[in-house]
Protein chains: 2
Amino acid sequence: MRMSQTVIRPDKNPPKDAATINHRLLVQAGFVRQLTAGIYTYLPWGLRVLRKIEQVVREEMNAIGGEELLMPMLHPAGIWKQSGGWDSIDVLYKLKSRTGKEYALGQSQEEVVTPLMSEFINSYKDLPRAVYHIQWKFRDELRAKSGILRGREFYMKDMYSWHESQEDFEKFYEEAKKAYLKIFSRLGLVAKATEASGGSFSDKISYEFEVLTEAGEANILYCDECEFCVNVDDIGKYDEGGECPSCGKGLLKPSKAAEVGNIFDLGEKYVKAFGLQFSDQEGKKRYPVMGCYGIGISRTMGVIVERFNDERGIVWPESVAPFMVSLVSLGVGEKAEEIYQQLVKGGVEVLWDDREESAGVKFADADLIGNPYRVVVSERTLADGEVEIKRRDSDTTERVKLGELVDRLI
Amino acid sequence: MRMSQTVIRPDKNPPKDAATINHRLLVQAGFVRQLTAGIYTYLPWGLRVLRKIEQVVREEMNAIGGEELLMPMLHPAGIWKQSGGWDSIDVLYKLKSRTGKEYALGQSQEEVVTPLMSEFINSYKDLPRAVYHIQWKFRDELRAKSGILRGREFYMKDMYSWHESQEDFEKFYEEAKKAYLKIFSRLGLVAKATEASGGSFSDKISYEFEVLTEAGEANILYCDECEFCVNVDDIGKYDEGGECPSCGKGLLKPSKAAEVGNIFDLGEKYVKAFGLQFSDQEGKKRYPVMGCYGIGISRTMGVIVERFNDERGIVWPESVAPFMVSLVSLGVGEKAEEIYQQLVKGGVEVLWDDREESAGVKFADADLIGNPYRVVVSERTLADGEVEIKRRDSDTTERVKLGELVDRLI
């Protein structure tokens, strides 16, 4: 993409109302704009990042047998009354049509997916089964000041599964947990699987996937020796500095953290409310065990920015960067066009700063946008048949022969 | 995809509440489920079709210089009050948060995109400019009985453009019109660009893109000799059977038609309401001319089903079919697996009916689902080292050597 041909520009001035790093940098770099508190437009480069995160999540959900479908956001009130959520969930947006029909805006999809699947799950032969969708959700949040970390409208992957037995659910939960850790690892994040309460979804323990960051809203205690980690906002039984109850060796350390995913054991709550039963091997009608698996796609984008930035801007991990390369051309005319085409043909995603701006402005904008590599072409480098290449997360520049550029970046 | 591994099944029983062909066939074939009137879940195969239509539209919008972004659906009331739509648009869903904040659900996005772009369009150098997004929209329809032809929640591409002059807008309008006709042609449809009123968007004439189908809600008159076509619900000046006012040769014929796209000349309505101005070459502040270009993605999917079906089911055009091939294996064990793998490796999208069902059930389901090719593998065909191949839109079967199958389908 040529920067001269896109209308959206980075802007070094921070937005007035940005209380968090992700909000500030995503606006300055030209990735998002806030429409109103908690509700954002994704500008072209921001949409590229969102789609890349979404695709990583999709691939790993497919890999464990999830089937993708797409459920609607406008829900008839009846299903929310049937589950009890209509009266008990305070973040549920409610509305009425002009003829008096009541609706809720989906903040989760148990109320849609459970009656839907009751048509398709009839026998033990239909189990286990997992379906997911990636869809926008709505929460009537009292406060929404954390940029895209906590939105009133936010993008989420939610998977649902049904199982013949608790044992089978727990087996699948372990697979899903591994898939989650793989997803976050592919996105450049270290997430901790953390015990928490089931909130409004379940009276059982749930698991949250928490990324350590000061911008997070959760308070966790994690063991400095093993994987043990708890959310102490929900479960206060543990002491800061105390001995790890899991390995007995490490000490429990406190941190702020952001929840990027969760897994709930929903037990029989929704299958009972919506009459989803299956015939077991003896022909007896039984309720399956149901699980729910969320990942906040837009929130994860915000967490990545909170984790990967410096005083000059964002430092995107390669897996989700809008482009692999910022190509900065300094007054070299046609030769830059040639190098741009060489990169495009080589399959390198490249943002070419072909504007008539100073080197200083171009370098500053490249750093703010945060693509993993910066490639500079100038008369000086071309005199040696070379370009200058620098990783965004390093201060070391090196010279690369023109003919070797694509190979260096793929 | 193996049918034994997906939970969703075709079902020969028509849904009770289906008043239209698209609703009935899409439910029977397992593509969608109605959550409530006008609101649908897209099951895995239905989602594949929706995404293919979306991708065709995206490619052609990119080709004429549209930049893709993504705007939110939950809009603060203020922007709708500023444009006047809050009080004048009867299909606008309105809601209040628990703290009394008022919102509308987006039924179009002029109110979001115009203030957004006022930040980026400042000078004549920033014009012309076109941005689009593909996003769900909401309309408080009094009736919603046409399946996915008219949804209360529906998927739409909407592009917006800004121009220095009326002349430049009209130049871009012609490009957009060509892009639209190309899109519908790629989707297997013949659309007619039809004059209509601008409705709530504009007091100028607008253009609708209409596909002739009995399931449509529009009444049109079209010339049987040239491209002339009008929507007579809006513009009554023309007579059925009369002489074409454009070519003077053809006669005007009536038809029902479904609107799959539209283009509005918005003039200065929204740029004035939101103060979007640019400095012209003399440094004078002026309002640009604004245009809006919609295509109903989910509606187009419904129109395709209305146009391409027979008594046995759907007949998908190749460009949007969920799979290119329905592979029907009749008791041939491992050899079918081999052929399935051969197709997958050859890049053919294939739905393998590997269920333990009769030939009759498998053939009926393949016809109902409507993939362009059916490939049958049986002991009889394998004895000759062949498979049987049949197009969904033909009754002729032919034999193809196993080694030539992939080439035949690519």
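A: Ile21(A), Asn22(A), Leu25(A) and Leu26(A) of helix H1(A) are in contact with Met301(A), Gly302(A), Val305(A) and Glu306(A) of helix H8(A). By class, the residues of this contact are five nonpolar, two polar and one charged. The model is a predicted one.

The geometry of the packing comes next. H1(A) covers residues 21-28 and H8(A) covers residues 297-307; their axes are 8 Å apart and meet at an angle of about 95°. The two helices are therefore roughly perpendicular to each other. An α-helix has 3.6 residues a turn, so residues three or four places apart point the same way.

Chain B has its own version of this packing. There, helix H1(B), residues 21-28, and helix H8(B), residues 297-307, pack at an angle of about 95° with 8 Å between their axes. H1(B) and H8(B) are therefore roughly perpendicular. On the H1(B) side the contact uses Ile21(B), Asn22(B), Leu25(B) and Leu26(B), and on the H8(B) side Met301(B), Gly302(B), Val305(B) and Glu306(B). Five nonpolar residues, two polar and one charged make up the contact in chain B.

The two chains are related by symmetry. Chain A is superposed on chain B by a rotation of 180° with 0.0 Å of shift along the axis, at an RMSD of 0.0 Å. This is the relation of a two-fold axis. Within chain A, Leu95(A) has the C-alpha nearest that axis, at 2.5 Å. Of the interface residues of chain A, 100% are also interface residues in chain B, so the copies meet through the same surface.

Now the chain around the packing. Chain A contains 12 helices and 23 strands. Its C-alpha trace spans about 80 × 60 × 45 Å along the principal axes. Of its 410 residues, 60% count as buried. Taking contacts in chain A between residues at least 6 apart in sequence, 66% join residues at least 24 apart.

Another helix of chain A shows burial along its length. In H5(A), residues 110-118, seven of the nine residues are buried, so this helix is largely enclosed by the rest of the structure. The buried residues of H5(A) are Glu110(A), Glu111(A), Val112(A), Val113(A), Thr114(A), Leu116(A) and Met117(A).

Asp158(A) is a buried residue in a strand. The strand is S8, residues 153-163 of chain A, and with a relative accessibility of 1%, Asp158(A) counts as buried. Leaving out residues up to four places away in sequence, Asp158(A) touches Gln109(A), Val131(A), Tyr132(A), His133(A), Lys137(A), Tyr293(A) and Gly294(A). Gln135(A) is 23 residues from Asp158(A) along the chain, and their C-alpha atoms are separated by 8.1 Å.

Tyr340(A) belongs to helix H9, residues 334-345 of chain A, and Trp352(A) to strand S20, residues 350-353 of chain A, so the pair ties together parts that are 12 residues apart in sequence. Tyr340(A) is buried at a relative accessible area of 8%, and Trp352(A) is buried at 5%. Elsewhere in chain A, ring pairs link Phe31(A), Trp45(A) and Trp316(A) into a cluster.

Asp265(B) lies in strand S13, residues 252-267 of chain B, and is buried, with a relative accessible area of 10%. Asp265(B) and Gln166(B) are 99 residues apart in sequence, while their C-alpha atoms are 9.3 Å apart in space. Thr381(B) lies in helix H11, residues 379-383 of chain B, and is buried with a relative accessible area of 2%. Not counting residues up to four places away in sequence, Thr381(B) touches Val376(B), Glu386(B), Val387(B), Glu388(B) and Arg399(B).

To return to the part asked about: H1(A) and H8(A) pack at about 95° with axes 8 Å apart, and the chain B helices H1(B) and H8(B) likewise pack at about 95° with axes 8 Å apart.

Terms used. Residues are numbered from 1 along each chain as its sequence is written. Chains are lettered from A and ligands numbered from 1 in the order in which they are written. This is a predicted model: local features need pLDDT of at least 70, side-chain atom pairs count only at pLDDT 80 or more; totals for chains, interfaces and linings use all residues. Side-chain values use heavy atoms; hydrogens and water are left out. Axes are lines fitted to C-alpha atoms, for helices over the stretch in contact, and angles run from 0 to 180 degrees between N-to-C directions. Helices (H or I, at least four residues) and strands (E, at least two) are DSSP runs, numbered from the N terminus. Angles under 35 degrees count as roughly parallel, over 145 as roughly antiparallel, 65 to 115 as roughly perpendicular and the rest as oblique. Contact means heavy atoms within 4.5 Å. Ala, Val, Leu, Ile, Met, Phe, Trp, Tyr, Cys and Pro count as nonpolar, Asp, Glu, Lys and Arg as charged, and the others, Gly among them, as polar. Copies are superposed by least squares on the C-alpha atoms of residues with pLDDT of at least 70 in both. Buried means under 20% relative accessible area, exposed over 50%, partly exposed in between (1.4 Å probe, protein chains only). Rings of Phe, Tyr and Trp (its six-membered ring) pair if their centres lie within 6.5 Å; planes under 30 degrees apart count as stacked, over 60 as edge-to-face and the rest as tilted.
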